[in-house]
Amino acid sequence: MPHITYIEPNGTAKTYDLPLGASLMEGAVQNGVNGIVAECGGSCMCATCHIYVDDAFLSQLPEMEEEENEMLDSATSERRPNSRLGCQVRATPKVEGLIVRIPSVQ
Amino acid sequence: MKKVVIIGAGHGGVQAATSLRDMGFEGTIQLIADEAHLPYQKPPLSKGFLNGKQTVENLLFRNANYYAEHHIEVIVGEKIEAIQLHNQTVTSSTGHTFEYDYLILATGARNRELPKAIASNALYLRSMSDAQQLKLALDVVESVAVVGGGFIGLEVAASAAEAGKQVTVLEVQNRLMARVLPPVLSEVFLKKHQEMGVNVQLNATVSAEALAEFDLVVVGIGVVPNQELAQEAGIECQNGVLVNEYQQTSVSNVYAIGDCASHYNRFAGKQCRLESVQNAVDQAKIAAAHICEKTQPYDAVPWFWTNQFDLKLQMAGINSDYDSYAFRGDLVANKFSIFYFKENKLVAVDSLNRPADHLAARKLIQAGITPTKEQVEDATLKLITS
């Protein structure tokens, strides 16, 4: 089960062992990581689980669908090349050790 | 030390507990759920859970550690049966008593049911156990009748059709989702369901005879608010528990939030209950803030969504009263938004597979900014500059 490290907006790092198949959003919210809102509960509806993914892992993640791409354009914090929505990225063996940074506002 | 008791552990109840801690509340928090599960999210029950993409674990709001670390006592499987205002306690069906300084009613709503004479074995969908039962039943039947062409009914119909079932939707009105959608969107959803093999019967007569020919009957014909607890305690109710802009009921240390709360909503322009995640979550924050003496009135733009097949509809604001509208996007490709105006003011936007429009719409309506129809219709133009 992959270990994911979340860096909260204030710089606090929290690492959790996520079940395979869980989304990075679920891992954050269920454990109480600050800064991920996920007001729609993971339906790719709200762009409030915006995360910045460690560049080293970008190529390991599945390509984003058009919907996620459009939502990210409307996210409150600045969109960067490594922006993803946490609800659309799942914990797989390939992301062991992944570090994600959480923007200051959602 | 102050004590908060929250009755109901859906979106509203859980958010209230979380927000209280986030806002620095230091007293005790008891979150009481009548179901046996750790609190979970209901919206996916008719969508991802039914089609097997999500499991119980995916739907939990928080894990057990979270509640322990935040000193939120989650009490599962306790049904609260009475509120005693005089000594500030509530009692459960198993005889337990809980004391409160502040009580938050997040009791939600329950399904409206068809008379037993019409549908004696029908399934309804509200809770996890309803969904599990429905999922099992869907595995072993061929034909399914869905009574009610609203959000829940149509989401179930879509999930069942995707699972290869022969689905018939029976809707008594002359179009789908008529309470919340304009005819043009009802038509888009009708066509999609038909294209995916769903037999949609409008102006339908729902009778025991009509339902007898199906292996399984699922009913989604709306909900009624769970207000009896409040009512029996003498708290004012009228189609829901009446609340002010701080979510206080007629008893000042008793709050009501979410589906069960009847409030004046300026975006709807009337007293109403809203059955949505947004309303439950935002009202929970208002109640928590009031308890923490960080008072602010409820003033959030309502928003809703539904997913059926590849159609994702997001609604911002309340579109029940408008005098003109404008389209944005591509009607043929089912990627468009409808902007509704009343007296030249933007009041609501429905976005079909246009998520960016939806997010922009929420910001525009909240801020009271009205784009011109020309701006709306020019899809190359950004509606919001961040």
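This is a predicted model: local features need pLDDT of at least 70, side-chain atom pairs count only at pLDDT 80 or more; totals for chains, interfaces and linings use all residues.
**Figure 1. The elements of chain A.** Chain A holds two helices and five strands. Starting at the N terminus, their order is β-β-α-β-α-β-β. Chain A has a radius of gyration of 12 Å, close to the 13 Å that the globule rule gives for 106 residues, so chain A is as compact as a globular protein of that length. Its C-alpha trace spans about 30 × 30 × 25 Å along the principal axes.

Figure 2. Of the 106 residues in chain A, 44% are buried. Here a residue counts as buried if 20 or more other C-beta atoms lie within 10 Å of its own.

**Figure 3. The domains of chain B.** The domain assignment divides chain B into domain 1 (3-110 + 223-291), domain 2 (113-219) and domain 3 (310-377). Between the C-alpha centres of domain 1 of chain B and domain 2 of chain B the distance is 29 Å. Where these two domains touch, domain 1 of chain B supplies 11 residues and domain 2 of chain B supplies 13 residues. On the side of domain 1 of chain B that touches domain 2 of chain B, five residues are nonpolar, three are polar and three are charged.

**Figure 4. The contact of chain B with chain A.** Chain B brings 21 residues to this contact, and chain A brings 18 residues. On the side of chain B, the elements that give two or more residues are α2 (56-59), α3 (64-69), α9 (277-291), β19 (303-308) and α10 (355-367). The most comes from α10(B), with four residues. Sorted by class, the side of chain B that touches chain A has 11 nonpolar, seven polar and three charged residues.

**Figure 5. The largest nonpolar core and B:I6.** In soluble globular proteins, nonpolar side chains tend to be buried together. The largest nonpolar core of this model has 144 residues. Those with the most contacts inside this core are B:I6, B:I104 and B:L105. With neighbours within four places in sequence left aside, B:I6 is in contact with B:G13, B:A16, B:A17, B:I29, B:Q30, B:L31, B:I32, B:I104 and B:A106.

Methods. Residues are numbered from 1 along each chain as its sequence is written. Chains are lettered from A and ligands numbered from 1 in the order in which they are written. The radius of gyration is taken over C-alpha atoms; the globule rule is 2.2 Å times the number of residues to the power 0.38. A residue is buried if 20 or more other C-beta atoms lie within 10 Å of its own, exposed if 12 or fewer, and partly exposed in between; C-beta atoms are placed from the backbone. Domain bounds come from an automatic or database domain assignment. Two residues are in contact if their C-beta atoms, placed from the backbone, lie within 7 Å. Ala, Val, Leu, Ile, Met, Phe, Trp, Tyr, Cys and Pro count as nonpolar, Asp, Glu, Lys and Arg as charged, and the others, Gly among them, as polar. A nonpolar core is a set of buried Ala, Val, Leu, Ile, Met, Phe, Trp, Tyr and Cys residues joined through C-beta atoms within 7 Å.
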